[in-house]
Amino acid sequence: MGFTCENKEELAVTLAAMICADDLTADNLNKVVSAAGVKIAPYWAKAYASILEGVDQAQFFKAGSGGGGGGGAAPAEGGAAAAAAAPEPEPEEEEEEADMGFDLFD
């Protein structure tokens with residue numbers, strides 16, 4: 001069973017960059033990609049190594065995807081009483097429409 005993908009070379013170098021995050025060089029990327037049995041164009045490893053030089057890749061993994069939020073936390077002791085004591089906002093007064101002598105929907 002083979003893996004087919006339009007950008008197989010880019011994917012291989014991206015995964016190799018994650019593996020070599022601590023010691024990211026073009027040589028190390030080429031070693032990992034070669035060990036995986038993937039052939040890539042020579043520029044991929046050099047490009048990734050130069051783009052990611054000095055970048056702390058751990059920050060990408062710590063950030064997460066920012067997916068949906070969970071439910072709210074349970075209120076602390078007395079939280080229900082504090083919520084009940086909050087004053088209700090006053091309803092806003094509606095402005096009267098000015099009669100301009102015509103109706104938009106006539």
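1. A residue counts as buried when its relative accessible area is under 20%. W44 has a relative accessibility of 17%, and therefore falls in the buried class. The model discussed here is a predicted one, and the points below should be read with that in mind.

2. On the overall fold, the protein chain holds five helices and zero strands, so that the order of elements, read from the N terminus, is α-α-α-α-α. Of the contacts between residues at least 6 apart in sequence, 50% join residues that are at least 24 apart.

3. On burial and surface, 18% of the 106 residues in the protein chain count as buried, while the accessible surface amounts to about 9300 Å², with 55% of that area belonging to carbon and sulfur atoms.

4. On the aromatic residues, the count comes to two aromatic pairs. One of them joins Y43 and W44 in a tilted arrangement, with 5.2 Å from centre to centre and 35° between the planes. Y43 and W44 belong, together with Y48, to one aromatic cluster, and W44 is the residue noted above as buried at 17% relative accessibility.

5. On N28, which sits in helix 2, a helix that spans residues 26-35, the relative accessibility is 16%, and N28 therefore counts as buried. A polar atom of the N28 side chain lies 2.7 Å from the backbone oxygen of D23.

Technical notes:
Residues are numbered from 1 along each chain as its sequence is written. This is a predicted model: local features need pLDDT of at least 70, side-chain atom pairs count only at pLDDT 80 or more; totals for chains, interfaces and linings use all residues. Side-chain values use heavy atoms; hydrogens and water are left out. Helices (H or I, at least four residues) and strands (E, at least two) are DSSP runs, numbered from the N terminus. Buried means under 20% relative accessible area, exposed over 50%, partly exposed in between (1.4 Å probe, protein chains only). Contact means heavy atoms within 4.5 Å. Accessible areas come from the Shrake-Rupley method with a 1.4 Å probe; for residues, only the protein chains shown count as cover. A polar contact is a pair of N or O atoms within 3.5 Å; within protein, one must be able to donate a hydrogen and the other to accept it, and residues adjacent in sequence count only if both atoms are side-chain atoms. Rings of Phe, Tyr and Trp (its six-membered ring) pair if their centres lie within 6.5 Å; planes under 30 degrees apart count as stacked, over 60 as edge-to-face and the rest as tilted.
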